[in-house]
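Thanks for coming. Please keep the picture in view while I talk.

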Amino acid sequence: MIVLENVGKQYDMGAIKVLALDGVSLEIGAGEMLAVLGPSGSGKSTLMNLLGCLDTPSSGSYRLDGELVSEMNRTQLAAVRNRKIGFVFQNFNLLGYATAQENVELPLIYARTPTVERRRRAIEMLELVGLGDRVKHRPAELSGGQRQRVAMARALANDPDIILADEPTGNLDSKSGEEIVALFENLHKRGKTLIVVTHDKNVAGHCKRVITLLDGRIDTDIRKGDSNRAAR
Amino acid sequence: MIAYFFQLIGQFVQDMRRQKLRTFFTVFGITWGTVAVILLLGFGQGLEKEVMKGMRGMGSNIVIFGGRRTTKAFRGLGKGRWIGLREDDANLLRERIPYMDFISPENNRQVHLTRGRNKRMVNVAGIYPGYGPVRNLWPAAGGRFLNEPDSKMKRRVVFIGDELRDQLFGEGSDAVGKIILMNSIPFKVVGVMIEKTQNSAYMGRDRGSAFIPFSTYSEIFSGRIYVNRFICRAKRAVDTPRMRKEIYSVLGRKYKFDPTDEQALWMWDTTEGQQFFFYFFLGFQIFMGIGGLLTLLVGGIGVANIMYVVVRERRKEIGIKTALGATPNTILLQFMTETFFIVAIGAVSGFAISYGVVSIVQSPLFENIHEYVGKPEINPLVASCALITLGLVGFAAGWAPARRAASTDPVQALEF
């Protein structure tokens, strides 16, 4: 489903060229739950941005469901993000002036979902993450864990196949983090593909496949047996 | 789509609330520019109309001339001869000059007019009946101008100006059919001129004058063959230079003076003033328009400025929206819409203020001003000029900031 072939990403920082990714090849199947680990500067964020179609590689190819994403323009990329990918960020990235419901409606607006259906869907997603009673609250009126759950609801609004999470528990206390992890587990059971960039060992422990990046290359790619999860 | 539009409005209100003072000044800049364009052009047009109306008060395409002394020797005749024109020159010129539409001799003098106890020294002119329409002497309802039978039968009838009527008969009273005395000779009033604006004249304003048939005038007052002046009209305004030349050559042949001797006749081409004022007001309007446009432009720069600020402050939001699937065009549209909102609010208030000012100045309260600067007006041309300019300003002011917003790199925008 996700196929990266020899993907490189180079940033021009004035005179210096920084090679953030150096020939990464990676296949991620549908329904996988995958953690990306690595020290800072190892290329995690860059890989995340490429997988999320927020950026395009400097070299190599990226196919998503057979579509050659690496050759798309900004408008096409926007459509792919909207339809296929849900983002969960470390700092939530909610619109401060909008209510929880309005935040969740955003991706639906860009998908041109009719108003009534959009409202219904947004509320349904908020109920799914356990915030059915916080629909009209603005982010400032919500706790960190609640905000991240709003972000989860937003990521799920267009029913994307892939959920990309970048340090989803990084700004949360352990209890809220647990709730988010539980939600991820839930989504995994529903067959979503989950890709989580994290430092959090606990989060990584829930994933059946762990990729470690080092200096822009894949250092290790470990698949754990189901036994791991059973042991927990 | 409608919901999306409402969302845009909500977003806009949010943004502007965060920047109250700056938004106010920006909107004010556009308002001020709109008011400047509309009022400057509106007042300019009012003034032009007033002046042109006055110019035309004497009639259009009119050339007035009379005899004078020659300054060039011609065919053995010395210079300094007096050229005296006669009534039959009218027919001669009319026949010879194709550009000439109408010609009438005109003699005038100051005469005592008496009606009851009211007595006035008044300018009385003897003219042909066709003179009325040419010089814009229109009779008020119930009366008429002098006609051919009056002329042929040398009737003692008179057409009087509205001001003269007020003086002799009392303001607004009916004069038609009544008798007035001219140097003790009774004349019947056949018509009173309707009110008109006239800002150029050669023997007093028409409002205070009296007109009688040329034949009657000759018999009673002049007793001589010479004519003070002729009034003629060209078919078109552009014909007057050629017509003037022809008058010199036709009369030069008859009275034996050099047709290039411009001093042999005095001549006043009223269209020259009209042309002057036409170009004067064209320049005036262009000047006013540019002044207004520059003001509007400055307002537009203010809008562009605030939009840049808005785009910068909402960089993060743009990043989020882009990540969630907003296309560059969606972002572009959002910021263009917001720009047009600002411009539209400024424009609407600008139009409202202009309309208010114009209505107030148009009201009878400012009647004494109308005489000098006319009534300002917002005509469709001025309004559409302002609208088109506002649209362009909005587009120009919004385009660059909106483009910047649309080209925001989501990766970088989300890092902050």
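The mean pLDDT of chain A is 89, and 97% of its residues reach 70 or more. pLDDT is the predictor's confidence in each residue, on a scale from 0 to 100. This is a predicted model, so local features need pLDDT of at least 70 and side-chain atom pairs count only at pLDDT 80 or more, while totals for chains, interfaces and linings use all residues. Residues are numbered from 1 along each chain as its sequence is written, and chains are lettered from A and ligands numbered from 1 in the order in which they are written.

Chain A has eight helices and 10 strands. Both are DSSP runs, numbered from the N terminus: helices are H or I with at least four residues, strands are E with at least two. A contact means that the C-beta atoms of two residues, placed from the backbone, lie within 7 Å.

Now the sheet. Four strands of chain A form an open sheet in the order β2-β1-β4-β5, with antiparallel pairing. Pairing requires at least two bridges found by DSSP between two strands. At the edges are β2 (16-28) and β5 (67-68) of chain A, each pairing on one side only. Strand β1 (residues 2-13) of chain A pairs with β2(A) over nine bridges. What is the bridge partner of A:Tyr11 in β2(A)? It is A:Val18.

Next, burial. A residue is buried if 20 or more other C-beta atoms lie within 10 Å of its own, exposed if 12 or fewer, and partly exposed in between, with C-beta atoms placed from the backbone. Of the 232 residues of chain A, 46% count as buried. In helix α1 (residues 44-51) of chain A, eight of the eight residues are buried, so this helix is largely enclosed by the rest of the structure. Just after α1(A), A:Cys53 takes a positive phi of about 60 degrees.

Last, the two chains. How many residues of chain A are in contact with chain B? There are 19, and they meet 19 residues of chain B. On that side of chain A, α2 (74-84) and α3 (100-110) each supply at least two residues. The largest share, six residues, comes from α2(A).
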